[in-house]
Amino acid sequence: MIGLPAFLLLAFSVLTHALTYKGADISSLTVVENSGIRYTDSGKTTAFETIIKNHGANTVRIRVWTAGQYDLNYALALAKRAKAAGHTLVVDLHYSDTWADPAHQAIPSGWPTDLDGLNSKIWSYTQSVVQAFSKQGTPIDILQVGNEINDGLLWPTGQISKNGINPVSQLLHSAINGAKSVASPRILIHLANAWDWSDISWFFDNVYIQGALSADQVDILGFSFYPFYDSRATLAAVKSALTNTANTFKKPIVIAETNWPVSCPGGSVAETSISISSQGQSTWTWNIEQILNGLPNGLGQGIFYWEPGWIGNANLGSSCADNLLVESSGATRDSINIWTWDM
């Protein structure tokens, strides 16, 4: 699939079904706009959520921190814009005052630190967040409970490597029950490293525990797939891992985060045959879409590009300097069309 010519790309796109969710995490949109930057598409100043909609996207993902820059009020305002533009809304709860990822899952300040207290708090907090989105007329379509929780969440209490997976199962069960007490969003569990079948299989083989999280509480399995953190993060590896995931766990699957660089001085990518360029962004994303389209029983359902418009975010998230679908001026690149392959 890598590097196919344009006419073959078109032919293959016609033969495959369209993904249900095609979108982007645009959490930092307001931050960029507050710095004075405006986005343009074909020379016309346009809101970024509208630009991506015009180029085939139908879903927006927004992270929520318990405090700080990306707090609930910030997310609520951005959700109004996303819904007004016609997007499906994915809300990504980090359950932390700051970034949550495989290396960081800090308990929010002021939260309990014991498991009983955290079960109660995560229930009530998740309920209140879901209520807030519904109350303003922007109900959450997909709720992501935790961000890249391979080693758990709410550390150290919910850290798998220290306390096993039972606390994680309890915490996810409580969070989902809090959400479901007031609304009916689809529930997404999100892990890093979509290429790592060993880690994926261990997590989902063990996280469903009687009296805590059950498989019927989870609607979607989401994974991050970045090309620059590990040489094993290849398209072949992700195809194998996600095929196994679909066959074993029989849940809809999305790539909840991905991107590709146009500039990566001093860095490296796992797929060396794909150019580090705007064209490379299109090739990378198209290949992932085809893998998702080919998963058993139509279980490949979505892809979200991570922060394609976050101008000024160099040195955050990867060793590559620029993974955006826009220039530093805010003008769209050709790769803004990544969501149109299967239209």
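The following legends describe an overall view and several close-up views of a predicted model of one protein chain.

**Figure 1. Overall view of the protein chain.** The secondary structure of the predicted chain consists of 10 helices and 10 strands. Along the principal axes, the C-alpha atoms occupy a box of roughly 55 × 45 × 40 Å. A compact globule of 343 residues would have a radius of gyration near 20 Å, and the 19 Å of the protein chain agrees with this. Of the 343 residues, 58% count as buried. Among contacts between residues at least 6 apart in sequence, 77% join residues at least 24 apart.

**Figure 2. Packing of helix α5 against helix α7.** Helix α5 spans residues 115-135 and helix α7 spans residues 166-180. On the α5 side, the contact involves Leu-115, Leu-118, Asn-119, Ile-122, Trp-123, Thr-126, Gln-127 and Val-130. These residues meet Pro-167, Gln-170, Leu-171, Ser-174, Ala-175, Asn-177, Gly-178 and Ala-179 of α7. By class, the contact comprises nine nonpolar and seven polar residues, with no charged residue.

**Figure 3. Surroundings of Ala-175.** Ala-175 belongs to helix α7 and is one of the residues through which that helix meets α5. Its relative accessible area is 0%, so Ala-175 is buried. When residues up to four places away in sequence are not counted, Ala-175 touches Tyr-95, Ile-122, Thr-126 and Val-145. Two of these residues, Ile-122 and Thr-126, are listed in the α5 side of the helix contact.

**Figure 4. Packing of helix α4 against helix α5.** Helix α4, residues 72-84, packs on α5 at an angle of about 35 degrees, and the two axes are 10 Å apart. The crossing of α4 with α5 is right-handed. Leu-72, Ala-75, Leu-76 and Ala-79 represent α4 in the contact, while α5 contributes Val-129, Ala-132 and Phe-133. The contact has seven nonpolar residues, with no polar and no charged ones.

**Figure 5. Packing of helix α9 against helix α10.** Helix α9 covers residues 235-249, and helix α10 covers residues 278-293. The axes lie 10 Å apart at an angle of about 25 degrees. The two helices are therefore roughly parallel to each other. Helix α9 passes α10 in a right-handed crossing. From α9, the contact includes Leu-235, Val-238, Lys-239 and Leu-242. Their counterparts in α10 are Trp-284, Asn-287, Ile-288, Ile-291 and Leu-292. This set of residues divides into seven nonpolar, one polar and one charged.

**Figure 6. The loop position of His-94.** His-94 is located in the loop between strand β5, residues 88-93, and helix α5. The relative accessibility of His-94 is 2%, so this residue counts as buried. Apart from neighbours within four places in sequence, His-94 is in contact with Arg-63, Val-64, Trp-65, Trp-99, Ala-100, Gln-105 and Asn-147. Arg-61 lies 33 residues from His-94 along the chain, and the C-alpha atoms of these two residues are separated by 13 Å.

**Figure 7. The cis peptide bond at Pro-156.** The peptide bond from Trp-155 to Pro-156 is cis, with omega near 0 degrees. Pro-156 is placed in the loop between strand β6, residues 142-145, and helix α6, residues 160-163.

Figure 8. Ser-42 is not a glycine, yet its phi is positive, at about 55 degrees. This serine is situated in the loop between β2 (40-41) and β3 (44-45). With a relative accessible area of 76%, Ser-42 is exposed. Asn-297, also not a glycine, has a positive phi of about 60 degrees. Asn-297 is found in the loop between α10 and β10 (300-306). Its relative accessible area of 69% makes Asn-297 exposed.

Key. Residues numbered from 1 in each chain as written. Predicted model: local features only at pLDDT ≥ 70, side-chain atom pairs only at ≥ 80, totals over all residues. Heavy atoms only, no water. Axes fitted to C-alpha atoms, helices over the stretch in contact; angles between N-to-C directions. Helix = DSSP H or I, 4+ residues; strand = E, 2+ residues; numbered from the N terminus. Parallel < 35°, antiparallel > 145°, perpendicular 65-115°, else oblique. Left-handed = near helix turned anticlockwise from the far one by under 90°. Contact = heavy atoms within 4.5 Å. Nonpolar A, V, L, I, M, F, W, Y, C, P; charged D, E, K, R; others polar. Rg over C-alpha atoms; globule rule 2.2 N^0.38 Å. Buried < 20%, exposed > 50% of the residue type's maximum accessible area, 1.4 Å probe, protein only.
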